[in-house]
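Please keep the model open while reading.

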Amino acid sequence: MAAAPSRKKSSRVSAAAARSSVKSAKTPISKKPVAKAKPAPAPKAAVKAASKPAPKSIPAARPPKPIEFYYWPTPNGWKVSIMLEECGIPYETKTVNIGRGEQFLPDYLKISPNSRIPAIVDQDGPGGKAISVFESGAILQYLGRKTGKFYPADERARVEVDEWLFWQVAGLGPMVGQANHFRQFAPESIPYAIERYTHEVARLYAVMDRRLTGRDYLAGKYSVADMACYGWIVPHQQQGINLANYPGVKAWFERMGERPGVQRGIAVGRDIRSAPIDLRSAQDSRRVLMNQKPR
Ligand SMILES: N[C@@H](CCC(=O)N[C@@H](CS)C(=O)NCC(=O)O)C(=O)O
C-alpha cells in the first residue's frame with residue numbers, strides 16, 4: 001500500500017465531494033486502522049431483551065471514501081481533474097508542488113515511482129482495499145472502469161478510445177512538452193530542435209484535425225481520450241499553432257470548453273497557478289524542472 005507524502009500538503013475536497021457530503025480523509029494513508037476494543041459483556045436484562053427476534057434492519061451503506069488526488073495544475077493534472085469532475089465522484093486534492101521538488105519526496109515515490117504528477121489513491125479499491133495508480137492514462141482507464149463512465153465496456157468502442165488515449169499519452173503530450181521546452185525554456189536557442197518539435201506538433205494537430213472532421217469527439221462519443229487531449233490544446237499559441245488552420249480541432253476545442261465538467265476540472269488549483277510569481281522561486285522551479293539528473 002502506498003503512503004502519503006509526509007510533508008504537509010494543502011488539500012481540498014472538491015465541489016463534487018461537498019455535494020455528496022463526504023467528510024475529507026484527514027488520516028494519512030500510511031496510518032494503519034486501530035483495532036477496535038472488544039465490547040464489555042451486556043447486563044443480563046439486556047441479554048433477555050436481546051433474545052427477542054429484533055426487527056430486521058438494513059445496515060446503512062457507508063459513503064464512498066474520496067479519491068486522494070495528487071495534483072499540480074498542469075495539462076497532465078487536468079486530465080484527471082476533468083475526469084473526476086465529469087464523473088461527479090468525491091475526491092480530495094493533495095497538491096504536489098513540482099516546482100519545489102515535492103514529486104521527489106520518498107513517501108510520494110511510493111505512490112508515483114516516476115516522480116511525476118498526477119497520481120491517485122483509492123481507499124475503496126478492488127476487494128475493498130486501497131490501491132494507488134500513477135500515469136495519467138492508467139488513472140483515466142481505472143476511473144473509467146470503476147465508474148463505468150467515459151470509457152466504454154464494449155471492446156470495439158474501447159479499442160478506439162485506447163488508440164486516441166495512447167496517441168495523446170505517447171505522442172501529443174511528449175512532443176508538445178519538447179516543443180515548449182525548446183521554444184520557451186532552453187538556455188540557448190537551438191533552431192534545429194525548435195523546428196523539429198514545432199513541425200511534429202503541427203503534424204499531430206493535422207492528424208487530430210482529420211480525425212475530428214465529421215466527428216464531435218475523438219472516439220465518436222465523448223470519452224477519456226478527449227479529456228486527455230484538451231489540456232494540451234489549451235496553450236496552442238505557445239506551441240506556435242493557429243487553430244484557424246485546424247477547423248476540426250477548433251470546433252472540438254470550443255465544444256469541450258463549453259462542458260461544465262471540463263470548466264470545473266481546469267479550474268482546480270487555478271489559484272495556485274495564478275499566484276504572483278516571485279522571480280527567485282521561479283528560478284528555483286526552473287532549476288528543479290529543467291536540470292534533472294538521473295537519480
Ligand atoms: N507520463 C506521465 C507524465 C506526467 C508528467 O510529466 N507530469 C509533469 C507535470 S505535467 C510533472 O510531474 N513534472 C514534474 C517534473 O518534471 O519533475 C503521465 O502521463 O502521467
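In helix H8 (residues 224–233), the buried residues are Val 224, Ala 225, Asp 226, Met 227, Ala 228, Cys 229, Tyr 230, Gly 231, Trp 232 and Ile 233. Buried means 20 or more other C-beta atoms within 10 Å of the residue's own, exposed means 12 or fewer, and C-beta atoms are placed from the backbone. Helices (H or I, at least four residues) and strands (E, at least two) are DSSP runs, numbered from the N terminus. This is a predicted model: local features need pLDDT of at least 70, side-chain atom pairs count only at pLDDT 80 or more, and totals for chains, interfaces and linings use all residues. Residues are numbered from 1 along each chain as its sequence is written.

**Helix H8**
- H8 is largely enclosed by the rest of the structure, because 10 of its 10 residues are buried.
- Its cover includes helices H3 (75–87), H5 (136–147), H6 (155–185), H9 (247–257) and H10 (260–267).

**Helix H9**
- Val 249, Trp 252 and Met 256 are the buried residues of H9.
- They cover an arc of only 65 degrees around the axis, so they sit on the same side of H9. The arc is taken from the directions from helix axis to C-beta atoms.
- Exposed Pro 247 and Glu 254 lie on the face turned away from the buried side of H9.

**Ligand shell**
- Around the ligand are Thr 74, Pro 75, Asn 76, Ile 98, Gln 103, Arg 116, Ile 117, Glu 135, Ser 136, Val 169 and Leu 289.

Notes. Near = placed C-beta within 6 Å. Contact = placed C-beta atoms within 7 Å.
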